[in-house]
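Keep the picture open while you read.

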Amino acid sequence: MMKHIESTERDAEIEALKNRIKELELLLKHYEERFRLSQKKRFGASSEKSEYDQLLMDIEELKTTLLENEEIEPEIQLVSGHARKKRTRAEMLPADLPVEEILCELPTEERVCPDCGGETHVIGHECRDELVVIPAKVMIRRYAACTYACQACTEAFDYTPIIKAPLPKPVIKGGFASPEFVAYAAHQKFAMGVPLYRQEQEWKRQGVHLSRQTMANWLVYSAEHWLRPLIPELKRRLLLHKAIHADETTFQVLKEPGKAPQSLSYLWCYRTSGDSAEPIVLAEYKPDRKKENPNAFLEGFSGYLHTDGYDAYHKLPPEIVIVGCWAHVRRKWDEALNVVPKSARESSPALLGKRYCDRLFAIDRELVSLDPHKRHTIRLERMKPLMDEFFTWAGSIEERPKSAMGKAISYMFSQRKYLQNVLLDGCLELSNNRTERTIKPFVISRKNFLFANTANGADAAAILFSLIETAKETGIDPFGYLTYVFKSAPSMDMNKLENLQALLPSGYKKESCSIAHV
C-alpha cells in the first residue's frame, strides 16, 4: 500500500516537473523572441523591407508546409526594383536661380597670335558653372520715418504743422526682431531640426550674443499673436473634408501644472487625406492622451477618420467612421518574422502573413491613378476576397497569445471591423502612413530640442509646426511663407475673415502665383 502511495506521489511529482519544464520552455521561447526583436530594433535597419519581400516561394510548397492541402494564398505578384534616372543639371536647379557671370580674360600682353604675332580678338566663350552657397548673415535694418513741416506756416505763424511718414509695424512690439529673423528661427527649429541652443551658438560665432530664451520668447509671441488667429479657419476647412487622418506622439513639458517634469504630454496631429485640393495639417498640444481630446477637436465632423489601433479613437461619436491601418498589421507580421530564426523564416507562417499584407498594398498601388468610384469597385472585387481569405487563414493558426505571431493575429482580429472599413469608399487609404510621415519631422526635431519648458511654449510649438507642415504640403517654402505672415499680419485687422484667408498658406500660394505671372 505504501509503495503504491509512493509511486502515485512520484508520478504526480514527475507530471508537475514536466509541466514546469513546458512552462519554462515557453518562457524561454518568449524571451528568445523578445531578444531577437530588441536586437533587430537596436542594430537592424529601421525599414520594414527585407530580403524576403522579393523572394518568390512556391505556393504548393507553402500549402504543404503550413496548412496541408488547404488553399491559403493567391498567386503573389512581385514588383521588380528599378534604377532611378540621374537628374540633369537643369532638373536639379531652379530656372530662376540668380547667375553671377565672371569673365576670364588674358592679360593684354598675352593676346598675341602665336604664329604671326598679330593682335587677337574674342570669338567665343568656354563656360563652367558652379553652385555657390552664401551662408546666413545678420545685419541691422534701420527704419527712418521722415517728418515734414510747412515752410510757409513756419514763416507766417507761430505754430508749424508737422506730419510724419508711418513706420511699418514690428512683428514683436517693443523688440528688435525682424519678420525674417523670427521666421528663420522657427524654420530652423521645426523644419530643419536645429534647436535654439544650437542657433544661439551659431549667432555667437558671428558676434551676435542672442540668448535662446530671447528667441523662444519671440517665437511664442509671434505664434500667439499672428499665427493662432489662422488656426480656427484652418480647422473649419479641415473638418469639411470627407476623410481625414489622425495620430499622436509624446511631448515632454517641464513646467506643466500638476505634473512631474518627467511625465509625458502629447502632440495630437490631424490632417487632410491624399485627395484634398488644399492640404491642411493641424497639431494640438494636450497634457494627456485621453479620449476627450479627439472628441473635442473633431466636434461637428462627420466622415471617415484614418487612425491606428488606439482605443480612444474607437470611442468617438457614431457619425465618425474609423478606418484602420493595414501598415500596422504588416508591422506586426514583420516583427513576428524577425523573431523567427533565419534558417526557419522561409517556411514560417509569419512570412505568409506579411505576404498577404504586401499583396493588399500591391493591389492598392495599381489603383492609385483611378477615380474613387472605380477604385472602390475594383477594391470590392479584388481586395475583399483577399482580406476574407487572410482572416480565415490567420484564424486557423494556433499560436501562443503572447508570442509575436500571436500578437499579430490578435491585433488583426481586434481591429478587423476598422480594417475592413477601407472598402466603404474609394477615397479612403489602406494605411495611416500619411499622418505618420507628417508627424515624423516633429519627432526628429524633438530628439534635438528634447522638451518644451512651459505649456505656452508647447502650444506655440504646435502652432508653428502646423503652419510649417501645411506650407510644405501646399508646395510653398515655409520660411518665405512665415516671413510673409510676420510682415503682413501686424498691419492687418485679424478679426476680418478676408485677411485671415489671405494669410493662409493657400492664400500665400495664390498671391505668389499671381505675382509670378505678372
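## A loop, a strand and some salt bridges

Let's start at L450, which sits in the loop between α15 (433-449) and β8 (452-454). Those labels come from DSSP runs: helices are H or I runs of at least four residues, strands are E runs of at least two, and both are numbered from the N terminus. A quick word on ground rules: this is a predicted model, where local features need pLDDT of at least 70, side-chain atom pairs count only at pLDDT 80 or more, and totals for chains, interfaces and linings use all residues. Residues are numbered from 1 along each chain as its sequence is written, and side-chain values use heavy atoms, with hydrogens and water left out.

L450 has a positive phi of about 70°, although it is not a glycine. Here is the background: most residues other than glycine have a negative phi. L450 is partly exposed, with a relative accessible area of 48%. On this scale, buried means under 20% relative accessible area, exposed means over 50%, and partly exposed is in between (1.4 Å probe, protein chains only).

Now zoom out for a moment. The protein chain has 19 helices and eight strands. Of its 518 residues, 39% count as buried. Take the contacts (heavy atoms within 4.5 Å) between residues at least 6 apart in sequence: 66% of them join residues at least 24 apart.

Is L305 buried or exposed? L305 counts as buried, because its relative accessibility is 0%. You'll find L305 in strand β6 (residues 303-306). Even leaving aside neighbours within four places in sequence, L305 is in contact with a whole list of residues, including I244, H245, A246, L298 and Y313. V321 is also on that list, and the C-alpha atoms of L305 and V321 are separated by 6.0 Å, though the two are 16 residues apart along the chain.

R111 is in the loop between α3 (89-92) and β1 (147-149), and it is partly exposed at 32% relative accessible area. Not counting residues up to four places away in sequence, R111 touches E105, L106, G118, E119 and T120. R111 and V122 are 11 residues apart in sequence, and their C-alpha atoms are 9.6 Å apart in space.

What about cysteines? C357 is buried at 0% relative accessibility, and C427 is buried too, with a relative accessible area of 8%. How many disulfides does a search of the whole structure find? It finds zero, a disulfide being a pair of cysteine sulfur atoms within 2.5 Å.

Salt bridges are another story. A salt bridge here is a side-chain nitrogen of Lys or Arg within 4 Å of a carboxyl oxygen of Asp or Glu, and by this rule the count comes to 22. Here are some examples.

| Salt bridge | N to O distance |
|---|---|
| D459 and R228 | 2.2 Å |
| R237 and E278 | 2.9 Å |
| E436 and R331 | 3.4 Å |

Take the bridge between D459 and R228. D459 lies in helix α16 (residues 455-474) and R228 in the loop between α7 (212-227) and α8 (231-238), so the pair ties together parts that are 231 residues apart in sequence. D459 is partly exposed at 24%, and R228 is partly exposed at 29%.

Next comes the bridge between R237 and E278. This pair links distant parts of the chain, 41 residues apart: R237 is in helix α8, and E278 is in the loop between β4 (264-272) and β5 (281-286). R237 counts as buried at 17% relative accessibility, whereas E278 is partly exposed at 21%. Both also belong to a network of salt bridges that links E233, R236, R237 and E278.

Then there is the bridge between E436 and R331. E436 lies in helix α15 and R331 in helix α10 (residues 326-338), so this pair ties together parts that are 105 residues apart in sequence. R331 is partly exposed, with a relative accessible area of 24%.
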